[in-house]
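The following paragraphs guide a reader through a single protein model. Please keep the sequence and the structure in view while reading.

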Amino acid sequence: MYLMSMTSLISRMARPIIVRSAAQNDRLALQELRQRMERIAQFSRPPRSVRVETRSIDGIPSEWVEPRSGGGDVAVLYLHGGAFCSGS
């Protein structure tokens, strides 16, 4: 119960910040938007329970994210949205 109420509280607190940030991003040049996203991404780390391996497939950079224990029988191909104009 406590976790659910904290999640709800954090969500309500973050929503205005996200909306304000999105409005500001609409006015940014693409290069500045990319730089901002890179700075924010530095604070995001994968959980310790997974291993991230950088690979190149036919010259296309990719990341393979695998659990550190078990589960090698299933794969998910994830193609992110965003029209490939921001992020890396």
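A surface patch, as the term is used here, is made of residues with over 30% relative accessible area and no salt bridge, and nonpolar side chains are joined into one patch within 5 Å. In this predicted model, Val-74, Val-76 and Tyr-78 make a nonpolar surface patch of about 430 Å². One of these residues, Val-74, lies in the segment after strand 2, which spans residues 60-67. Val-74 has a relative accessible area of 70% and is therefore exposed, since exposed means over 50%.

The surroundings of that patch may now be set out. The protein chain has 2 helices and 2 strands, and from the N terminus on these elements run α-α-β-β. The average pLDDT of the protein chain is 76, and 70% of the residues score at least 70. Among the elements, helix 1 (residues 2-25) has the lowest mean pLDDT, 67, whereas strand 1 has the highest, 90.

How much of the protein chain is buried? Buried residues make up 3% of its 88 residues. The accessible surface of the protein chain comes to about 8,300 Å², and 61% of this area belongs to carbon and sulfur atoms. As for contacts between residues at least 6 apart in sequence, 24% of them join residues at least 24 apart.

The two strands deserve attention next. Strand 1 and strand 2 run antiparallel and are joined by 8 bridges. One example is Val-52, whose bridge partner in strand 2 is Val-65.

Strand 1 and strand 2 form a hairpin with 2 residues between the strands. Asp-58 is found in this loop and has a positive phi of about 50 degrees, although it is not a glycine. Most residues other than glycine have a negative phi. Is Asp-58 buried or exposed? At 78% relative accessibility, Asp-58 counts as exposed, because the value is over 50%.

Charged side chains form a further part of the picture. Side chains of opposite charge can pair when their charged atoms come close. The count of salt bridges in this model comes to 3.

Which residue forms a salt bridge with Glu-66? The partner is Arg-51, and the closest N and O atoms of the pair are 3.5 Å apart. This pair links distant parts of the chain, with Glu-66 in strand 2 and Arg-51 in strand 1 (residues 50-57), 15 residues apart. Glu-66 has a relative accessible area of 26% and is partly exposed, and Arg-51 also counts as partly exposed, at 34%.

Glu-66 has other neighbours to consider. Setting aside residues up to four places away in sequence, Glu-66 touches Ser-49, Val-50 and Arg-51. The C-alpha atoms of Glu-66 and Ser-49 are separated by 8.6 Å, while the two residues are 17 residues apart along the chain.

A second salt bridge joins the side chains of Glu-53 and Arg-55, with an N to O distance of 3.0 Å. Glu-53 counts as partly exposed at 33% relative accessibility, and Arg-55 is partly exposed with a relative accessible area of 27%.

The remaining salt bridge is formed by Glu-32 and Arg-39, whose closest N and O atoms are 3.6 Å apart. Glu-32 is partly exposed, with a relative accessible area of 27%. Arg-39 is partly exposed as well, with a relative accessible area of 43%.

Conventions:
Residues numbered from 1 in each chain as written. Predicted model: local features only at pLDDT ≥ 70, side-chain atom pairs only at ≥ 80, totals over all residues. Heavy atoms only, no water. Patch = residues over 30% accessible without salt bridge, like charges linked within 9 Å, V, L, I, M, F, W, Y side chains within 5 Å. Areas by Shrake-Rupley, 256 points an atom, 1.4 Å probe, with all protein chains shown as cover. Salt bridge = Lys/Arg side-chain N within 4 Å of Asp/Glu carboxyl O. Helix = DSSP H or I, 4+ residues; strand = E, 2+ residues; numbered from the N terminus. Buried < 20%, exposed > 50% of the residue type's maximum accessible area, 1.4 Å probe, protein only. Contact = heavy atoms within 4.5 Å. Pairing = 2+ DSSP bridges. pLDDT = per-residue confidence, 0-100.
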